Amino acid sequence: MYNITDLYDLDHTLAKDYLSQFTYPWEALKGIKDLILALGPTLGEDYEEVSEHVWVHKTAKVFPSAYLGAPCIIGPETEVRHCAFIRGSALVGANCVVGNSCELKNVILFDHVQTPHYNYVGDSILGYYSHMGAGSITSNVRSDKKLVVVHAPEGGIETGLKKFGAMLGDYVECGCNSVLNPGTVVGRHSNIYPTSCVRGVVPEGSIYKNSGEIVQKA
């Protein structure tokens, strides 16, 4: 339930071929920058390289106060709103929203992802139609600075990564002001309650209420 094919429909991202190489989605985090640098020059005339290694689709709307750090790709019909801060290594798909005062760093956002209000998303992959409620964030470094472990039901999975935020499957809903701790994996069609502090693996089709209460949707 935490393999790439369990979490994502790869037809909804320019990273399809790249992600197909891996078993676990977090294995793709180290190569996002190189992926964008390779993809950018191949995107064709519908994209404009607005600054070095920053490619924006001609139908995307980028507000004047937004910052686009290299390398990044902004897909068709996507909105990057006021004061958004894209630090770099961000592959943002089609029909996405990167909202006011949001920060992205080393991420893949599939098509139709929304991070609309005061979100931090770092070292993470957000699946098709996933949504981050206002103030929800991915925490991508452990407080003790040790390597991140995915706490799966059958035991810990060593990732070898110091920075690893969250893997959200397709159609995941994160409630307002929730915190996704390092190494969190949320299965498709799951909901996270507002103000939750989430860690470990949340199964597909679940409602995460708190650390002791995860229920299957009816």
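1. Rings of Phe, Tyr and Trp (its six-membered ring) pair if their centres lie within 6.5 Å, with planes under 30 degrees apart counted as stacked, over 60 as edge-to-face and the rest as tilted. Nine aromatic pairs turn up in a search of the whole structure.

2. Some ground rules before going on. This is a predicted model, in which local features need pLDDT of at least 70 and side-chain atom pairs count only at pLDDT 80 or more, while totals for chains, interfaces and linings use all residues. Numbering runs from 1 along each chain as its sequence is written, and side-chain values use heavy atoms, with hydrogens and water left out.

3. Back to the rings. A pair of aromatic rings is described by the distance of the centres and the angle of the planes. Tyr18 and Phe22 have ring centres 5.1 Å apart and planes at 75 degrees, so this pair is edge-to-face. For exposure, buried means under 20% relative accessible area, exposed over 50%, and partly exposed in between (1.4 Å probe, protein chains only). Tyr18 counts as buried at 14% relative accessibility, whereas Phe22 is partly exposed with a relative accessible area of 24%.

4. Another edge-to-face pair is formed by Tyr128 and Tyr171, at 5.7 Å centre to centre and 75 degrees between the planes. Which parts of the chain does this pair tie together? Tyr128 sits in the loop between strand E11 (120-126) and strand E12 (131-132), and Tyr171 in the loop between strand E16 (166-168) and strand E17 (173-174), so the pair ties together parts that are 43 residues apart in sequence. The labels are DSSP runs, numbered from the N terminus: helices (H or I) have at least four residues and strands (E) at least two. Tyr128 is buried, with a relative accessible area of 14%, while Tyr171 is partly exposed at 37%.

5. Now the core. A nonpolar core is a set of buried Ala, Val, Leu, Ile, Met, Phe, Trp, Tyr and Cys residues joined through side-chain atoms within 4.5 Å. The largest one has 65 residues, and Leu19 and Trp26 touch the most other members. Leaving out residues up to four places away in sequence, Leu19 touches Ile4, Leu10, Thr13, Ala28, Ile108, Phe110 and Ile125; contact means heavy atoms within 4.5 Å.

6. Helix H3 (residues 32-39) is worth a look. Which of its residues are buried? They are Ile32, Leu35, Ile36 and Leu39. These cover an arc of only 95 degrees around the axis, which puts them on the same side of H3; the arc is that of the directions from the helix axis to the C-beta atoms. Asp34 and Ala38, on the other side of H3, are exposed. The buried residues pack against helix H2 (16-19), strand E2 (54-57), E5, strand E7 (85-92) and strand E9 (103-109).

7. Is Thr78 buried or exposed? Thr78 is buried, with a relative accessible area of 1%, and its place is in the loop between strand E5 (72-74) and strand E6 (79-80). A polar atom of the Thr78 side chain lies 2.9 Å from the backbone nitrogen of Cys96. Not counting residues up to four places away in sequence, Thr78 has contacts that include Ala60, Lys61 and Val92.

8. Ser178 is found in the loop between E17 and strand E18 (179-180) and is buried, with a relative accessible area of 0%. A polar atom of its side chain lies 2.7 Å from the backbone oxygen of Gly175. Beyond residues up to four places away in sequence, Ser178 touches residues including Gly135, Tyr193 and Thr195.

9. That brings us to Thr195, which has a positive phi of about 65 degrees although it is not a glycine. Thr195 is found in the loop between strand E20 (191-192) and strand E21 (197-198), and is exposed, with a relative accessible area of 60%. Cys83 also has a positive phi, near 65 degrees; its place is in the loop between E6 and E7, and it is partly exposed at 47%.

10. Last, a backbone detail and a hairpin. The peptide bond from Ala70 to Pro71 is cis, with omega near -10 degrees. Strands E23 (residues 206-210) and E24 (residues 213-216) run antiparallel, joined by four bridges, and form a hairpin with two residues between them. Two strands pair if DSSP finds at least two bridges between them.

Notes: A polar contact is a pair of N or O atoms within 3.5 Å; within protein, one must be able to donate a hydrogen and the other to accept it, and residues adjacent in sequence count only if both atoms are side-chain atoms.
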